[in-house]
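Please examine the model shown here with its nonpolar core, its aromatic rings and its charged side chains in mind. The paragraphs that follow take these topics in turn.

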Amino acid sequence: MTASPTPGQASDPGDLHDLKRDVEDTVDVAVERGRGFAAAARTHAVNLAEGRKAEAAKSVSGLAHSLRDSGRTFDDRPNVKAFFDSAAEGLDDLAGSIETRSFNDFYQDAEAFARRSPVAVAVATFAAGFLLARFVKSSGERQIDGDYDRERV
């Protein structure tokens, strides 16, 4: 009587070699597809950011225009008017920078700033978190007050 292979074991070393090669091929295909998917996702994200970049530049430019218009009310105060004009010019420069620079450039600049000034980034993060918490808290309080008023009626 010949010994038959137990379940889960290959009967021939050649079969094991073929199985190993099939698994390696499958892994290679999966890795290539994963890289293609990641590249497509990255491209889509960059294109979306580029589209939003144009909208942001337009908003900043509109803000500069509004600021310049507000400054015209101070024609009788040249120092104040100069401040408004200077701020509007700075915003126009920012809008131009937003339009011409790539998303990658902004990311690299932000990363370089964070490396140069970690304390400033930590303080800004804390301040943003604090403001967000205050906003969420005040929104919740208004809803609770509104619910209380409706129950009293």
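The largest nonpolar core consists of seven residues: Ala-57, Val-60, Ala-64, Ala-88, Leu-91, Ala-95 and Ile-98. A nonpolar core is here a set of buried Ala, Val, Leu, Ile, Met, Phe, Trp, Tyr and Cys residues joined through side-chain atoms within 4.5 Å. Buried means under 20% relative accessible area, exposed means over 50%, and partly exposed lies in between, with a 1.4 Å probe and protein chains only. H1 and H2 are the elements that give two or more residues to this core, and H2 provides the largest share, four residues. Val-60 illustrates the packing: neighbours within four places in sequence aside, Val-60 is in contact (heavy atoms within 4.5 Å) with Leu-91, Leu-94, Ala-95 and Ile-98. In soluble globular proteins, nonpolar side chains tend to be buried together.

The model is predicted, so local features need pLDDT of at least 70 and side-chain atom pairs count only at pLDDT 80 or more, whereas totals for chains, interfaces and linings use all residues. Residues are numbered from 1 along each chain as its sequence is written, and side-chain values use heavy atoms, with hydrogens and water left out.

The protein as a whole has four helices and zero strands, in the order α-α-α-α along the sequence. These elements are DSSP runs numbered from the N terminus, with helices (H or I) of at least four residues and strands (E) of at least two. Of the 153 residues in the protein, 7% are buried. The accessible surface comes to about 12,600 Å², and carbon and sulfur atoms account for 60% of that surface; the areas come from the Shrake-Rupley method with a 1.4 Å probe, and for residues only the protein chains shown count as cover. Among contacts between residues at least 6 apart in sequence, 53% join residues at least 24 apart.

The structure also holds two aromatic pairs. Rings of Phe, Tyr and Trp (its six-membered ring) pair if their centres lie within 6.5 Å; planes under 30 degrees apart count as stacked, over 60 as edge-to-face and the rest as tilted. Phe-74 and Phe-84 are stacked because their ring centres are 5.3 Å apart and their planes stand at 25 degrees. Phe-74 lies in the loop between helix H1 (13-71) and helix H2 (78-100), and Phe-84 in helix H2, so this pair ties together parts that are 10 residues apart in sequence. Phe-74 is partly exposed at 24% relative accessibility, while Phe-84 is buried at 18%. Phe-84 also forms an edge-to-face pair with Phe-83, at 6.1 Å centre to centre and 85 degrees between the planes. Phe-83 is exposed, at 59% relative accessibility.

Charged groups complete the picture. Side chains of opposite charge can pair when their charged atoms come close. Eight salt bridges are counted, each a side-chain nitrogen of Lys or Arg within 4 Å of a carboxyl oxygen of Asp or Glu. One of them joins Asp-18 and Arg-21 at 2.6 Å, N to O; both residues lie in helix H1, three residues apart, about one turn of the helix. Another salt bridge links Asp-85 and Lys-81 at 3.1 Å, N to O, with both residues in helix H2 and four residues apart.
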